[in-house]
Amino acid sequence: AGRVRFAQASAVDISDPVITLAQLTAPRLLCVVGGTGITPALQVAADGLARGAEVSLLYSSRSAADTLMLDEVLDLQQRGVRVLLTLTGKGGAPPSLSSLRRKHAHFDRPRQSPHVSGSGEARFAHLERRVDAEMLRGLPCGGGTLAIVSGPPSFCELVQALLLSAGFDARD
């Protein structure tokens, strides 16, 4: 986690985005994100809500300390985005939920389903494992759903394979 320094007059290549918001016209959006991949997903989710799409967000993070932009995610949840957080922990060990509660009071253990709606105080549902096929089965994946995947390359490759095995068309 250091800075990259470029020599004066260095050339830097910048690529175009892979997808633009104007292309997102599906009636349902499923955003599956890992780590810093939450940043573009927030914009996609907000745009989807603004045009009346049903939006679900599966957000994978290592630990409470690594979970980014929770206020923005909470805002989207309160506006109608279905949110599921999964914490992967380090070395397979689940993170301390008490540390999560100390950092973010809107987290609580799910009572029945891992998908918890806020009633009164908004809460995020959460799980304690890596993204897997079972998680995706619990989210809208039917026809007309556009899946957006954002995060580290290995995360994106895993999720893409899981989505394809769940029946998503790679062209979508």
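Reply: Buried means under 20% relative accessible area, exposed over 50%, and partly exposed in between, with a 1.4 Å probe and protein chains only. The model is predicted: local features need pLDDT of at least 70, side-chain atom pairs count only at pLDDT 80 or more, and totals for chains, interfaces and linings use all residues. Residues are numbered from 1 along each chain as its sequence is written, and side-chain values use heavy atoms, without hydrogens and water.

Me: What percentage of the residues of the chain count as buried?

Reply: The chain has 172 residues. By the cut-off of under 20% relative accessible area, the buried part is 40%.

Me: In what order do the elements of the chain run?

Reply: Helices (H or I, at least four residues) and strands (E, at least two) are DSSP runs numbered from the N terminus. From the N terminus on, the order is β-α-β-α-β-α-β-α-β-α.

Me: Which element supplies the largest share of the lining of the second largest pocket?

Reply: A pocket is an open set of points on a 1 Å grid over the protein atoms alone, where a 1.4 Å probe fits, with protein on both sides within 12 Å along at least five of seven lines; lining residues have an atom within 4 Å of a point. Here 17 residues line the pocket, and Gly34, Gly35, Ser60, Arg62 and Pro152 lie nearest its centre. Strand E2 (54–61) and helix H5 (153–165) each supply at least two lining residues. The largest share, three residues, comes from H5.
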